[in-house]
Amino acid sequence: MTDETRPVCLITGASRGIGAATAIKAAGAGYDLVLNYAENAEAAQSVAADCHALGAEVALVQADVGTAAGVQKVFAESDRVFGRLDAVIPNAGITGTASALVDASIETIQHTIDLNVTGAILTVQEGLKRMLISKGGRGGSVVMLSSAAVWIGSPDNFTWYAASKGAIDSFVLGLGREVSGDGVRVNAVAPGLIETDIHASGGLPDRLQKLSGSVPIGRSGTADEVADAILYLMSDEARYIAGAVLRVTGGR
Ligand code: NAP
């Protein structure tokens, strides 16, 4: 039996990077957690253990949230373990392998859009079914992951990724207006150059080293610094913020 008075936060892609940092901060802030990952069970279990040590109940769910079945699996486990929900962070995202668009494979483009756009939207849709006051929920918050790629465009590397994040900005604007009168605030953070595995996974392991000098603050950012912004948007201190995209870019 879990404690009904504790808020529950669901985070996709929580085994590494920004998702993992957000999970640990949310645990410290008193949330119980539904944590999703794709493949890296060991890293996911380590994050879950850290959250548990901070007092959180944790449901850990392996699922590919780039598919509708994967999204359903995450929410089925959330319903089974907690049966309540207060915050959703559709964080799982990929860039695909860096290249000019003409050289990118159809699979790279499709997989990126499936996860970053369709999967994120379906995750929010399932979250709303449980959080909207008109659907019997108790209200809540959604924080999505946009990117500085939206206004930079990522030419020569990840134009399809930039497009996927542009879609998130439009979605946050519309949905923020659609549901904020029904108890749920929808916002996003737009991180800049953040120290996670995503750059190496996209085939550019020295990307941070090459570009961090161009950041006005003078360095790349950490996953913790993005997590702080996510926790702020989730919190009651952000109670009058809806449909907004907060840049977390060191001024980039
Ligand atoms: P990351 O370090 O590469 O971690 C990615 C996370 O997503 C991992 O937990 C991974 O799980 C999970 N994941 C990948 N594919 C998945 C799938 N199909 N289903 C479920 N989980 C999946 O990424 P990050 O840098 O923290 O990025 C997090 C979010 O921030 C993304 O949406 C990204 O676009 C956005 N962002 C990042 C930056 C940056 O500079 N880092 C900048 C702007 C925006 P496994 O461990 O199991 O593989």
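User: What makes the chain agree with a compact globule?

Analyst: This is a predicted model. For 252 residues, a compact globule would have a radius of gyration near 18 Å. The chain has 17 Å, which agrees. Its C-alpha atoms fill a box of roughly 50 × 40 × 35 Å along the principal axes.

User: How many helices and strands does the chain have, and what share of its residues is buried?

Analyst: The chain has 9 helices and 7 strands. Buried residues make up 50% of the 252. Buried here means under 20% relative accessible area. As for contacts between residues at least 6 apart in sequence, 74% join residues at least 24 apart.

User: Why are α1 and α2 called roughly parallel?

Analyst: α1 and α2 (residues 41-53) pack at an angle of about 15°, with axes 8 Å apart. Angles under 35 degrees count as roughly parallel. That makes α1 roughly parallel to α2. The crossing of α1 and α2 is right-handed.

User: Which residues meet between α1 and α2?

Analyst: From α1 come A20, A23, I24 and A27; from α2 come V47, D50 and C51. These residues divide into 6 nonpolar, no polar and 1 charged.

User: What residues make up the contact of α3 with α4?

Analyst: A68, V71, Q72, F75 and D79 of α3 meet G119, L122, T123, E126, G127 and R130 of α4.

User: What is the make-up of the contact of α4 with α6?

Analyst: In α4 the residues are T108, I109, T112, I113, N116, V117, A120, I121, V124 and L128; in α6 they are W160, Y161, S164, K165, A167, I168, F171, L175 and V179. They divide into 14 nonpolar, 4 polar and 1 charged.

User: Now single residues. Is S15 buried or exposed, and how do you know?

Analyst: S15 has a relative accessible area of 11%. Buried means under 20%, so S15 is buried. S15 lies in the loop between β1 (8-11) and α1 (17-28). Not counting residues up to four places away in sequence, S15 touches A20, N36, Y37, N40, A43, A44 and V47.

User: Where does S146 lie, and is S146 buried or exposed?

Analyst: S146 is in the loop between β5 (140-145) and α5 (149-152). The relative accessible area of S146 is 3%. The limit for buried is 20%, so S146 is buried. Setting aside neighbours within four places in sequence, S146 is in contact with K165, I168, D169, A188, V189, A190, P191 and V245.

User: How far apart are S146 and N91?

Analyst: In sequence, S146 and N91 are 55 residues apart. In space, the C-alpha to C-alpha distance between S146 and N91 is 9.2 Å.

User: What is the phi of S154, and what makes a positive phi worth noting?

Analyst: S154 has a positive phi of about 50° although it is not a glycine. Most residues other than glycine have a negative phi. D156 likewise is not a glycine, and its positive phi is about 75°.

User: Where are S154 and D156, and which is buried or exposed?

Analyst: S154 is found in the loop between α5 and α6. D156 is also found in the loop between α5 and α6. S154 has a relative accessible area of 9%. That is under 20%, so S154 is buried. D156 has 61%. Exposed means over 50%, so D156 is exposed.

Technical notes. Residues are numbered from 1 along each chain as its sequence is written. This is a predicted model: local features need pLDDT of at least 70, side-chain atom pairs count only at pLDDT 80 or more; totals for chains, interfaces and linings use all residues. Side-chain values use heavy atoms; hydrogens and water are left out. Contact means heavy atoms within 4.5 Å. Helices (H or I, at least four residues) and strands (E, at least two) are DSSP runs, numbered from the N terminus. The radius of gyration is taken over C-alpha atoms; the globule rule is 2.2 Å times the number of residues to the power 0.38. Buried means under 20% relative accessible area, exposed over 50%, partly exposed in between (1.4 Å probe, protein chains only). Ala, Val, Leu, Ile, Met, Phe, Trp, Tyr, Cys and Pro count as nonpolar, Asp, Glu, Lys and Arg as charged, and the others, Gly among them, as polar. Axes are lines fitted to C-alpha atoms, for helices over the stretch in contact, and angles run from 0 to 180 degrees between N-to-C directions. Angles under 35 degrees count as roughly parallel, over 145 as roughly antiparallel, 65 to 115 as roughly perpendicular and the rest as oblique. A crossing is left-handed if the near helix is turned anticlockwise from the far one by less than a right angle, and right-handed if clockwise.
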